[in-house]
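Here is a friendly briefing to read beside the model. Take a look at the overall fold first, then follow the notes below.

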Amino acid sequence: MNSTETPLPEKANNFIRNIVTEDLKSGKHKSIVTRFPPEPNGYLHIGHAKSICLNFGLARDFEGRCHLRFDDTNPAKEEVEYEDSIRESVKWLGFNWKSHMYYASDYFEKLYQYAVRLIEMGKAYVDGLNAEEIRSYRGTLSEPGKESPFRNRPVEESLQLFRDMRDGKYEDGALVLRAKIDMASPNINLRDPVIYRIKKVEHHRTGETWCIYPMYDYAHCLSDSIEGITHSICTLEFEDHRPLYDWVLDVLKVPCHPQQIEFARLNLSYTVMSKRKLLELVQEKLVDGWDDPRMPTLVGLKRRGYTPESIRNFCETIGVGKADSIIDMSILEDAVREDLNVRAPRVMSVLKPLKVVIESYPEGESEEFEAANHPSDPSMGSRKVPFSRTIYIERDDFQEEPVKGFFRLAPGREVRLRYAYIVRCESVVKDENGEVVEVRCSHDPGSRGGSAPDGRKIKGTIHWVSAEHAIDAEVRLYDRLFSTPNPGGKNEPDYRVSLNPNSIEVLTGCKLEPSLQQATLESRYQFERMGYFCLDSRSSKPGALVFNRTVTLRDSWTAK
């Protein structure tokens with residue numbers, strides 16, 4: 001194992017692992033080679049994380065290798081920005097491709113020569129039908145397709161036309177190269193699929209060298225073969241494409257014929273994972289970019305405070321199967337909750353402050369209390385929390401007329417201030433609208449640390465921040481981006497109608513304990529009783545801190 005890689009959770013068997021185990025046991029392969037082959041036309045999302053964990057995890061567990069290969073065959077939609085982000089996201093998840101990073105564009109000349117061979121074998125031809133005509137000739141699931149009038153074009157003529165296509169003598173859409181398979185096949189993917197098209201667009205790696213580009217299905221299988229991939233693992237929508245994958249490799253008699261294996265893709269409730277829809281959300285400014293903390297993108301989850309460990313654990317929890325299903329968002333939220341419960345230090349932060357003056361506490365004085373950074377992990381140490389006469393508590397921790405079951409602060413009632421004293425509400429100050437703006441209290445000096453000297457029971461404990469020492473911050477309470485489980489489903493022709501108007505609440509003037517002045521972008525915190533939070537990597541600055549809520553302390557989500 002490479003020292004830069006991060007250990008995965010212990011693996012449970014699944015059908016793909018069983019296939020790999022049998023292949024190695026039988027001697028079919030001496031070692032395994034997998035690959036993660038993203039198209040650089042968007043940012044990776046949580047669905048890609050499942051594939052990354054599966055492919056890199058298999059290679060590591062079976063002491064093989066996993067390639068990172070960019071399938072960059074459509075220059076019209078590809079950008080270096082996406083490529084850079086993909087590399088960073090794979091690294092962030094804890095995986096290392098070592099020296100094995102490749103591009104489909106590395107093989108453009110080989111792919112072209114393979115196409116020439118198919119033409120020479122009578123297995124491909126240059127077609128002059130336009131895109132609409134090709135679609136109409138293809139037929140339907142219940143009716144066979146019709147042969148193109150160019151299907152039996154002489155080999156030499158197709159070879160010359162294909163050379164002319166490469167030399168830029170034809171415009172986009174004028175000609176295509178099609179595999180010659182079977183227009184009556186029950187599998188529409190085998191009805192003479194297009195394998196090359198003209199696209200006069202500059203490629204971000206090859207520049208203007210090429211003006212014809214291979215289609216994904218053609219380039220993908222041959223790229224796998226060229227790299228010596230043993231197990232080509234992809235999602236279920238490619239199951240019907242497997243016969244084409246095998247046909248290309250069989251007809252060309254390539255020395256390496258990888259085995260394509262399909263698994264169920266990750267579908268997550270209360271979000272969308274279509275690249276097209278995610279791009280629309282960004283372009284229409286319905287979200288704050290690809291890294292908006294409400295997005296299912298890995299950069300968005302990272303900015304929200306998700307840890308790579310929590311995402312790997314989530315992928316392990318949901319497993320690998322063959323049946324499509326929708327995983328509830330709460331399972332992902334539970335994964336980060338469980339991870340942060342162990343690793344996040346506790347701090348006190350008041351998000352909706354209410355001023356409290358402890359009239360019995362000496363003016364001008366202050367003191368410090370020792371507070372544990374984690375209640376179950378003494379190795380995380382402790383910190384000093386300052387206390388003074390004026391403090392802030394959460395507005396929700398006070399009720400002037402307490403309802404049944406409310407055990408926090410109320411007129412004439414006592415409550416324990418965490419780590420500090422027991423205080424009693426003596427009076428309140430209201431503004432001209434009758435709203436309580438200040439609570440006046442007395443304290444029990446003998447209760448330092450929170451225990452009543454006479455043993456009386458105090459039912460409520462609340463957190464607080466010293467007004468004199470508090471730091472101000474903005475806090476963003478993020479929620480699910482959509483308010484329905486399946487946005488754009490059968491009863492919703494437009495997924496946008498399900499956007500959750502309450503998916504973000506921005507709080508200003510929040511009061512945080514002073515230790516958070518030293519917060520770093522890599523740190524996550526539990527704001528006691530409030531949830532898990534992290535610094536916002538884009539907006540937060542020294543002296544103007546911005547924290548994002550990663551997840552609440554417990555799952556109590558309901559559509560608002």
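Helices (H or I, at least four residues) and strands (E, at least two) are DSSP runs, numbered from the N terminus. By that count, the protein has twelve helices and 27 strands. Its radius of gyration, taken over C-alpha atoms, is 31 Å, well over the 24 Å that the globule rule (2.2 Å times the number of residues to the power 0.38) gives for 560 residues, so the protein is more spread out than a compact globule.

Please keep in mind that this is a predicted model, where local features need pLDDT of at least 70, side-chain atom pairs count only at pLDDT 80 or more, and totals for chains, interfaces and linings use all residues. Residues are numbered from 1 along each chain as its sequence is written, and side-chain values use heavy atoms, leaving out hydrogens and water.

**Overall shape and packing**
- Along the principal axes, the C-alpha atoms fill a box of roughly 100 × 55 × 40 Å.
- Of the 560 residues, 52% are buried, meaning under 20% relative accessible area with a 1.4 Å probe, protein chains only.
- Taking contacts (heavy atoms within 4.5 Å) between residues at least 6 apart in sequence, 71% join residues at least 24 apart.

**Helix α4**
- Buried residues of α4 include Phe108, Leu111, Tyr112 and Tyr114.

Definitions and conventions:
Buried means under 20% relative accessible area, exposed over 50%, partly exposed in between (1.4 Å probe, protein chains only).
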